[in-house]
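Take a moment with the sequence and the fold before reading on. The paragraphs below walk through them step by step.

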Amino acid sequence: MFLSKKGLLKIFVVAISWFLVACFCVLSYNYLLNMGVKIKFLLILGIISYLICCISIFWGRYAEGKGILINLGNTLVRKELKPAEFIKEYETLKNSTDLVIKKPSVDVLLLVATAYDVLNDRENVLKTVDEMLAVAGEKKKTYVKLIKTSFLFSYDRKEEAESLFVETQQAKLDFMCKSLTDNILKTDRAMAMGDYKIAEAENLRLLEQTFPKLDNLGKLIVHYQLGEVYEKLNDNEKAVLHYQYCVNHGRETAIKQSAKAAIEKYSIQNVDKKG
């Protein structure tokens, strides 16, 4: 959570405004009641305003502290595919001298790690995930370890990834952890272990999935992994098809460049064969 002085002031102003509205309603109700006029609506409105005042403090703290940053990250990283721009915004905010609260959250750091990943900056990905582990509460540590496992498998660090994966399976897994475990088994781990047919089936299923529907980054990652799958299965025609999607839609990601390099490699191989 990164809460600035300006954000704190905004929370304070909103809360005070609702508090004043509540006081006005209650005082008006009492004044009119003393005059023999009973307007329950004013009392109800006053109570509701008091409640909104309290809620606005907690909601404002979330919205100003990390909600705005999470929305920005989802827009820049997952929708517009501009990971470097989000990292720049994050670093600027993190290093600001205007902060009254400076405590990175797991949700924000996951977006940062994802941004580094699609820029192929593996060192900063793992550094960020370790930072996630440091700030995560006990209930979230297993989830973060699974995220790290996913990255390690995708970087072909199989022994380290498998060891951490086994460790996570010994913990009590909630719904999110079970879902992530299933995804790792059928995608990143399957690719690392050479189970390409399993990875193919899962990625094709994800492309057809209507809920939750893949966002732009999700589709890009799935298409790239399918390109890798078909490359391993020596189905170059299908591999190029999926890599071409990444070139066309990869925008400001390293995935676009990797896919372009893969297509160029196939072009050179075809020329050599014809020669």
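In which helix does Glu200 lie? Glu200 belongs to helix α10, which covers residues 196–208. This is a predicted model, and every position named here refers to that model. Is Glu200 buried or exposed? Its relative accessibility is 12%. The cut-off for buried is under 20%, so Glu200 counts as buried. Look next at what touches Glu200. Setting aside neighbours within four places in sequence, Glu200 is in contact with Leu226, Val229, Tyr230 and Leu233.

Now step back to the whole chain. The protein has 13 helices and two strands. Its radius of gyration is 25 Å, whereas the globule rule gives 19 Å for 275 residues. The value is well over the rule, so the protein is more spread out than a compact globule. The C-alpha trace tells of its extent: along the principal axes it spans about 100 × 40 × 40 Å. Of the 275 residues, 40% are buried. The accessible surface comes to about 16,100 Å². Carbon and sulfur atoms account for 59% of that surface. Contacts can also be sorted by distance along the sequence. Take those between residues at least 6 apart: 59% of them join residues at least 24 apart.

Leu9, Phe12, Val13, Ile16, Phe19, Leu20 and Tyr50 make a nonpolar patch of about 650 Å².

Aromatic rings come next. The model holds six aromatic pairs. One of them joins Trp59 and Tyr62. Why is this pair called tilted? The ring centres are 5.5 Å apart and the planes meet at 35°. Planes under 30 degrees apart would count as stacked, and over 60 as edge-to-face. Trp59 counts as exposed, at 55% relative accessibility. Tyr62 is partly exposed, with a relative accessible area of 32%.

Phe153 and Phe165 form another aromatic pair, and this one is edge-to-face. Their centres are 6.3 Å apart, with 70° between the planes. Phe153 is in helix α6, residues 138–154, and Phe165 is in helix α7, residues 158–169. The two are 12 residues apart, and the pair links distant parts of the chain.

Leu81 is not a glycine, yet its phi is positive, about 55°. Leu81 sits in the loop between α2 and α3, where α3 covers 83–94. With 2% relative accessibility, Leu81 counts as buried. Asp156 also has a positive phi, near 65°, in a residue other than glycine. Asp156 is placed in the loop between α6 and α7.

Phe211 and Pro212 are joined by a cis peptide bond, with omega about -10°. Where does Pro212 lie? Pro212 is in the loop between α10 and α11, the latter being 216–232. Helix α10 is also the place of Glu200, where this walk began.

Key. Residues numbered from 1 in each chain as written. Predicted model: local features only at pLDDT ≥ 70, side-chain atom pairs only at ≥ 80, totals over all residues. Heavy atoms only, no water. Phe/Tyr/Trp six-rings, centres within 6.5 Å; stacked < 30°, edge-to-face > 60°. Buried < 20%, exposed > 50% of the residue type's maximum accessible area, 1.4 Å probe, protein only. Helix = DSSP H or I, 4+ residues; strand = E, 2+ residues; numbered from the N terminus. Patch = residues over 30% accessible without salt bridge, like charges linked within 9 Å, V, L, I, M, F, W, Y side chains within 5 Å. Areas by Shrake-Rupley, 256 points an atom, 1.4 Å probe, with all protein chains shown as cover. Salt bridge = Lys/Arg side-chain N within 4 Å of Asp/Glu carboxyl O. Contact = heavy atoms within 4.5 Å. Rg over C-alpha atoms; globule rule 2.2 N^0.38 Å.
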